[in-house]
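Thank you all for coming.

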Amino acid sequence: MICARTGRPTPCSRIRLRLAKQEAKKQIKNVLRGYFPERLIPLLLGKAGVSEELTYDNLPRQSWMELAKLAKQFPVEANGTLSIEEAFVTGGGVNLKEIDPRSMQSKLMPGLFFCGEIMDIHGYTGGYNITAAFTTGYTAGKSAAAEALELA
C-alpha cells in the first residue's frame with residue numbers, strides 16, 4: 001500500500017515486502033515468531049482466520065491486513081479470575097529508565113504513557129503488583145488528560 005500523504009509505502013507494506021523476500025517459503029506461524037510472543041501467535045492467526053500451516057507466500061493480502069489490524073488493536077475480554085495457583089506474573093516490559101515517574105510518560109515518545117504490568121516492575125505476591133498498577137494508572141491517566149487539555 002502507498003501512503004496518500006507521503007507517496008511512500010506504508011510501514012505495513014514495507015514489512016510485508018521485506019518478509020516476502022526473506023521468508024516466503026516459511027509457515028506464517030514461524031515468520032511471526034520474530035515479531036510476537038509465541039503464545040500470542042495462535043490467537044492472532046485464529047482470530048484472523050489464517051491457518052498456521054499456510055506459507056507466507058500463500059497468505060492472501062486481505063489476511064495480512066487483518067493480521068496487521070489485530071496486531072495494532074487486539075481485543076481482550078476479561079470474564080473472570082483464576083485461582084491463586086493459576087495466577088502468575090511475568091517479568092519484562094518497558095524499562096523504567098525510559099519513563100518519567102512524575103507523569104508516567106515515555107522519555108522516548110512524547111504523548112505515550114505507561115502504567116501497570118506493561119512496565120518492567122517486579123513485586124511480591126500479595127497486592128504489590130495491583131497497587132503499582134493502580135498508582136501508575138492514576139498518574140498516567142491524569143497526566144495524559146492534562147496533556148490532552150493543553151493540546152485542545
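Predicted model: local features only at pLDDT ≥ 70, side-chain atom pairs only at ≥ 80, totals over all residues.

Let me begin with Ser103, which counts as buried because its relative accessibility is 12%, where buried means under 20% relative accessible area, exposed over 50% and partly exposed in between, with a 1.4 Å probe and protein chains only. Residues are numbered from 1 along each chain as its sequence is written, and side-chain values use heavy atoms, with hydrogens and water left out.

Ser103 sits in the loop between β1 (99-100) and β2 (105-106); strands here are DSSP runs of E, at least two residues, and helices are runs of H or I, at least four residues, numbered from the N terminus. The side chain of Ser103 reaches the backbone nitrogen of Gln105 at 3.2 Å. Not counting residues up to four places away in sequence, Ser103 touches Phe113, Thr139, Ala140 and Ser143, contact being heavy atoms within 4.5 Å.

Turning to the cores, a nonpolar core is a set of buried Ala, Val, Leu, Ile, Met, Phe, Trp, Tyr and Cys residues joined through side-chain atoms within 4.5 Å. The largest has 13 residues, of which Ile28, Leu45, Val50, Tyr56, Leu59 and Leu67 touch the most other members. At least two residues of this core come from each of α2 (28-31), α3 (41-48) and α4 (61-72), and α3 gives the most, with four. A second, separate core has seven residues, including Ile99, Phe113, Phe114 and Ala140.

How do the axes of α3 and α4 cross? They come within 9 Å and cross at roughly 125°, the axes being lines fitted to C-alpha atoms over the stretch in contact, with angles from 0 to 180 degrees between N-to-C directions. That makes α3 oblique to α4.

Finally, Gly92, in the loop between α4 and β1, is partly exposed, with a relative accessible area of 33%. Gly92 and Glu117 are 25 residues apart along the chain, and their C-alpha atoms are separated by 8.6 Å. Leaving aside neighbours within four places in sequence, Gly92 is in contact with Glu117, Met119, Asp120 and His122.

Definitions and conventions. Polar contact = N/O pair within 3.5 Å; in protein donor to acceptor, adjacent residues only side chain to side chain. Parallel < 35°, antiparallel > 145°, perpendicular 65-115°, else oblique.
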